[in-house]
Amino acid sequence: MDTNRKLTDITDKKPRTTSYKYSFRLNEEQNIRFKELLCKSVLEHNRSRFIVKRIFNEKFVVVRRDPSKVQFVARLNDFYFQFQKLANNCAPVKVI
């Protein structure tokens, strides 16, 4: 067991950043609207960042995914890999 521990200096710690906390309440209609806006945004997993961007009118992107396009891309990738398999199986022919 090591009894000689290195003492850390207080100045080695990161300086504290000031942060302020606000809370608010929503009624039923406002809560439904808030959840709809949150689901439409990319920041669905981070509510606080979403709220801050909305308050200060910062730009945020809404990404909509079309399931039919996802299926099309998956089929296109499968088609591409089939061509790649054919190309890998074809050995170059030596002409004598």
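Trainee: How many aromatic pairs does the structure hold?
Mentor: Keep in mind that we're looking at a predicted model. Two rings pair if their centres lie within 6.5 Å. By that count, the number of aromatic pairs in the structure is 3.

Trainee: Take Phe79 and Phe83: is that pair stacked, tilted or edge-to-face?
Mentor: The ring centres of Phe79 and Phe83 sit 4.9 Å apart, with the planes at 85°. Planes over 60 degrees apart count as edge-to-face. So the pair of Phe79 and Phe83 is edge-to-face.

Trainee: About how many helical turns separate Phe79 and Phe83?
Mentor: An α-helix has 3.6 residues a turn, so residues three or four places apart point the same way. Phe79 and Phe83 are 4 residues apart in helix 3, which puts their separation at about one helical turn.

Trainee: Are those two buried, partly exposed or exposed?
Mentor: Buried means under 20% relative accessible area, and exposed means over 50%. Phe79 comes out at 48%, and Phe83 at 49%. Since those values fall in between, Phe79 is partly exposed, and Phe83 is also partly exposed.

Trainee: Is Phe56 buried or exposed?
Mentor: Phe56 is found in the loop between helix 2 (47-55) and helix 3 (67-89). Together with Val52 and Ile55, Phe56 forms a nonpolar surface patch of about 320 Å² accessible area. Its relative accessibility is 58%, so Phe56 counts as exposed.

Trainee: At the start of helix 1, which residue's backbone nitrogen does a side-chain oxygen of Asn27 reach?
Mentor: Helix 1 covers residues 28-40 and reaches 19 Å from its first C-alpha to its last, close to the 18 Å expected. At its start, the side-chain oxygen of Asn27 comes to within 3.3 Å of a backbone nitrogen, that of Glu29.

Note on methods: Residues are numbered from 1 along each chain as its sequence is written. This is a predicted model: local features need pLDDT of at least 70, side-chain atom pairs count only at pLDDT 80 or more; totals for chains, interfaces and linings use all residues. Side-chain values use heavy atoms; hydrogens and water are left out. Patches are made of residues with over 30% relative accessible area and no salt bridge: like charges are joined within 9 Å, nonpolar side chains (Val, Leu, Ile, Met, Phe, Trp, Tyr) within 5 Å. Accessible areas come from the Shrake-Rupley method with a 1.4 Å probe; for residues, only the protein chains shown count as cover. A salt bridge is a side-chain nitrogen of Lys or Arg within 4 Å of a carboxyl oxygen of Asp or Glu. Helices (H or I, at least four residues) and strands (E, at least two) are DSSP runs, numbered from the N terminus. Buried means under 20% relative accessible area, exposed over 50%, partly exposed in between (1.4 Å probe, protein chains only). The expected span of a helix is 1.5 Å times one less than its number of residues. A polar contact is a pair of N or O atoms within 3.5 Å; within protein, one must be able to donate a hydrogen and the other to accept it, and residues adjacent in sequence count only if both atoms are side-chain atoms. Rings of Phe, Tyr and Trp (its six-membered ring) pair if their centres lie within 6.5 Å; planes under 30 degrees apart count as stacked, over 60 as edge-to-face and the rest as tilted.
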